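Here is a short briefing on one protein chain. Keep the sequence and the model open as you read.

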Amino acid sequence: MYSVLRASPTCGNGLSRVVRHGAVVSRRTLATGEPPKPETKAADPAPAPTSPPTATETTPAAPAAPEKPKSLGRRIFSSLFDVFSKEKRLANRPALQKEYRESYWKDLQELNKTKGKLYIASDKLTKPQSAVRFPSLMVNPLDAPNTKIDLLSRIQGQVTLVTFAFNTYGDKHTKTFELPFRTGYPNVPVAQVSLADTPAKSWILKMHVPYTARVVAKPLHPWYFVSMFESLDAPLDHLAVTNRYLGWVFLVDANGRIRWRAHGMATPEELAALGRGTQMLLNEQEEMKHRK
């Protein structure tokens with residue numbers, strides 16, 4: 001019934017300890033017959049009362065004061081820092097690599113396969129009810145390079161040939177349409193647009209504006225435009241510009257609708273179609289004036 005836990009050593013009060021049914025008891029307990037007192041576990045302290053929420057916890061924080069607009073000098077410095085900063089370049093590298101792989105590399109591969117001609121333009125105009133409207137595109141006229149205007153506001157109300165070029169290669173394409181067109185229809189305006197589709201290209205284009213103003217004839221300055229620091233994805237998708245290495249031309253009627261388009265180097269068939277289409281649109285424009 002009992003077994004001695006340790007034969008000779010005793011506890012500090014001189015009483016040997018024994019085991020009773022697995023419980024440790026003393027000889028005093030055996031002598032007196034008093035049951036061992038159960039060990040009591042200290043109760044967990046009561047949780048501290050929760051303090052009521054303060055005003056800062058219940059009241060939403062006041063909106064931060066708007067930042068003061070940066071001066072032109074600081075904006076230019078910030079933009080240049082983004083272009084030339086190693087940290088910024090590293091941070092933007094994944095997006096730029098993805099853009100290059102998905103856009104420019106695709107365009108270059110397409111260019112090599114098609115030799116710069118994705119398709120031959122239609123020999124007929126698009127019907128007015130099927131034609132899409134020329135999209136909003138913010139540009140800077142060469143005669144007012146610090147002023148942005150919507151290109152549609154300049155071309156609407158008259159038949160216009162609009163040309164798009166993203167580089168020198170594309171500019172050579174548009175010239176094959178533009179020069180014969182000016183000869184055949186000297187009174188029809190030609191809106192030339194030079195576009196930059198990245199911030200770095202925008203800075204390069206901006207720095208070349210004075211040179212462009214010197215080489216472009218003065219009478220053409222109101223109809224020569226540069227598009228810089230603008231998001232071009234939406235308008236280019238609307239215009240179905242699928243390759244930015246190529247030059248593109250759009251024949252727009254007096255209502256701002258795109259009635260004919262072409263790209264790449266002009267073929268004799270495309271030039272003939274452009275001439276016929278222009279004459280038809282001029283006739284429509286005259287009819288509209290008479291109806292008014």
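Ala-240 lies in the loop between helix H9 and strand S9. Helices (H or I, at least four residues) and strands (E, at least two) are DSSP runs, numbered from the N terminus. This is a predicted model: local features need pLDDT of at least 70, side-chain atom pairs count only at pLDDT 80 or more, and totals for chains, interfaces and linings use all residues. Residues are numbered from 1 along each chain as its sequence is written, and side-chain values use heavy atoms, with hydrogens and water left out.

- Ala-240 is not a glycine, yet its phi is positive, about 60°.
- With a relative accessible area of 37%, Ala-240 is partly exposed. Buried means under 20% relative accessible area, exposed over 50%, and partly exposed in between (1.4 Å probe, protein chains only).
- Phe-229 sits in the loop between strand S8 (224-227) and helix H9 (233-238).
- Phi of Phe-229 is near 55°, again a positive value in a residue other than glycine.
- Phe-229 is partly exposed, at 40% relative accessibility.

**The chain as a whole**

- The protein chain holds 10 helices and 10 strands.
- Of its 292 residues, 34% are buried.
- Take the contacts (heavy atoms within 4.5 Å) between residues at least 6 apart in sequence: 69% of them join residues at least 24 apart.

**The sheet and its helices**

- Seven strands form an open sheet with mixed pairing, in the order S5-S4-S8-S7-S6-S9-S10. Two strands pair if DSSP finds at least two bridges between them.
- S5 (149-150) and S10 (258-263) are the edge strands; each has a single partner strand, so one side of each lacks a neighbour in the sheet.
- S6 (residues 160-165) and S7 (residues 190-195) are paired in the parallel sense, over five bridges.
- Within S7, Val-193 stands opposite Phe-164.
- Helix H6 (residues 168-184) packs on the sheet and touches S6, S7, S9 (248-252) and S10. Its direction makes about 175° with that of S7.
- Helix H10 (residues 268-291) lies across S6, S9 and S10, at about 160° to S10. Axes are lines fitted to C-alpha atoms, for helices over the stretch in contact, and angles run from 0 to 180 degrees between N-to-C directions.

**Inside the fold**

- The largest nonpolar core has 23 residues. Such a core is a set of buried Ala, Val, Leu, Ile, Met, Phe, Trp, Tyr and Cys residues joined through side-chain atoms within 4.5 Å.
- Helix H5 (151-155), S6, S7 and S9 each give this core at least two residues.
- Leu-151 is among the residues with the most contacts inside this core. Its contacts include Phe-134, Val-162 and Val-193, leaving aside residues up to four places away in sequence.
- A separate core has 16 residues, among them Phe-177, Val-190, Ala-273 and Leu-274.
- Ala-273 and Leu-274 are also among the buried residues of H10. The cover over the buried residues of H10 includes S6, H6, S9 and S10.

**Around helix H7**

- Thr-198 lies in the loop between S7 and helix H7 (199-207). Thr-198 is buried, with a relative accessible area of 15%.
- Lys-206 lies in H7 and is partly exposed, at 36% relative accessible area.
- Lys-206 touches Met-228 and Phe-229, not counting residues up to four places away in sequence.
- Lys-206 and Met-228 are 22 residues apart in sequence, but 7.3 Å apart in space, C-alpha to C-alpha.
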